[in-house]
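This report is a guided reading for someone meeting the structure for the first time. Please keep the sequence and the 3D view at hand while following the text.

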Amino acid sequence: MAAEGEYESILCVKPDVNVYRIPPRASNRAYRAADWKLDSPDWSGRMRITAKGKVAFIKLEDKVSGELFAQAPVNEYPGIAVETVSDSSRYFVLRIQDDSGRSAFIGVGFGDRGDSFDFNVTLQDHFKWVKQEIEISKNAHLGDSGPKLDLGFKDGQTITLNIGQGKKRDKPRPQISGGMGLLPPPPGGKIAPPPSSGTCNLNTVPQTGGTETECLLDLDCSNSNTMVQSNANADLLWGDFSAPASSVPAAAEPQSTTNWIQF
């Protein structure tokens, strides 16, 4: 039975329920609602299902005054306290008890199948919760009796944490379109800076009177300048060979004679 200090909770209330007197069972076969006088119930009222601890109570009460007509304590479901009939899902057999411990079996029925479904599910959910509570308490008892894992520090024991000193990862080198990676710079070497714009302008071509020279990209600038100057001096020394042909005196042409030999 339930303990004295536990509170009582209401699980379900159904306003319409009928009670029938049932004949004693003559054999071990299941009850049949067809054997009852379904057209003339012996009592009508409301049903209230409560729970106190692990025990459920099915109480039959008057609709107006709430006076208790009978109650059936249920310690397990399905069990002997609540049985179903073989020919309908709306009728059940209850074992009711009084305060002195005397018991009797009565039939109860619902006018709606939804009410009988709620009655059945309410009892199933309650005893499912009872089963879970038993397993939790059993596991807690086994955990207390078993060896405990001590994760505390012993006297003088310390721990060191290295935060932010992880090994740096090398970044992957970029790949060129040809599939070959860039060559690393020579160890310890220095790359010479490119020549300044004031020393040599590779885009400027020097103009001279008789010759044209270019500053080649793969030659030194100073050599190209020396070559230009030497070509200019050579032109002054040998003269201008590009003079027009009209300035050179033409060879004397033989004078034509007007004295023709006359025959």
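Are Arg-48 and Glu-61 buried or exposed? Both Arg-48 and Glu-61 are buried, where buried means under 20% relative accessible area, exposed means over 50%, and partly exposed lies in between, with a 1.4 Å probe and protein chains only.

The model is a predicted one, in which local features need pLDDT of at least 70 and side-chain atom pairs count only at pLDDT 80 or more, while totals for chains, interfaces and linings use all residues. Residues are numbered from 1 along each chain as its sequence is written, and side-chain values use heavy atoms, with hydrogens and water left out.

## Overall build

The chain contains 2 helices and 7 strands, which follow one another from the N terminus in the order β-β-β-β-β-β-β-α-α. Helices (H or I, at least four residues) and strands (E, at least two) are DSSP runs, numbered from the N terminus. The chain has 263 residues, of which 22% count as buried. Its exposed surface comes to about 21,400 Å², with carbon and sulfur atoms supplying 54%; accessible areas come from the Shrake-Rupley method with a 1.4 Å probe, and for residues only the protein chains shown count as cover. Among contacts between residues at least 6 apart in sequence, 52% join residues at least 24 apart, a contact being heavy atoms within 4.5 Å.

## Salt bridges

Side chains of opposite charge can pair when their charged atoms come close. The structure holds 10 salt bridges, each defined as a side-chain nitrogen of Lys or Arg within 4 Å of a carboxyl oxygen of Asp or Glu. The table gives three of these pairs.

| Salt bridge | N to O distance |
|---|---|
| Glu-8 and Lys-59 | 2.9 Å |
| Arg-48 and Glu-61 | 2.5 Å |
| Arg-102 and Asp-98 | 3.0 Å |

In the salt bridge between Glu-8 and Lys-59, distant parts of the chain are linked, since Glu-8 is in strand E1 (residues 8–20) and Lys-59 is in strand E3 (residues 55–61), 51 residues apart. Glu-8 counts as partly exposed because its relative accessibility is 40%, whereas Lys-59, at 13%, counts as buried. In the pair of Arg-102 and Asp-98, Arg-102 counts as exposed at 61% relative accessibility, and Asp-98 is partly exposed at 31%. Salt bridges that share partners also join Lys-14, Asp-115 and Asp-118 into one network.

## Nonpolar cores

A nonpolar core is a set of buried Ala, Val, Leu, Ile, Met, Phe, Trp, Tyr and Cys residues joined through side-chain atoms within 4.5 Å. The largest such core has 24 residues, and those with the most contacts inside it are Ile-58, Val-82 and Phe-119. The elements that give two or more residues to this core are E1, E2, E3, E4, strand E6 (91–97), strand E7 (103–109) and helix H1 (113–145). Leaving aside residues up to four places away in sequence, Ile-58 touches several residues, including Met-47, Ala-72, Val-82, Leu-94 and Phe-119. A second, separate core of 8 residues includes Tyr-20, Ile-22, Val-85 and Val-93.

Phe-92 and Phe-110 are both buried. Ring pairs also link Tyr-20, Trp-36 and Tyr-91 into a cluster.

Val-108, which is placed in strand E7, counts as buried at 0% relative accessibility. Among the residues that Val-108 touches, not counting those up to four places away in sequence, are Val-17, Trp-36, Leu-60, Tyr-91 and Phe-92. The C-alpha atoms of Val-108 and Tyr-91 are separated by 5.7 Å, although these residues are 17 apart along the chain.

## A cis peptide bond

Most peptide bonds are trans. Tyr-77 and Pro-78, however, are joined by a cis peptide bond with omega of about -5°, and Pro-78 is placed in the loop between strand E4 (68–74) and strand E5 (82–84).

Methods. Phe/Tyr/Trp six-rings, centres within 6.5 Å; stacked < 30°, edge-to-face > 60°.
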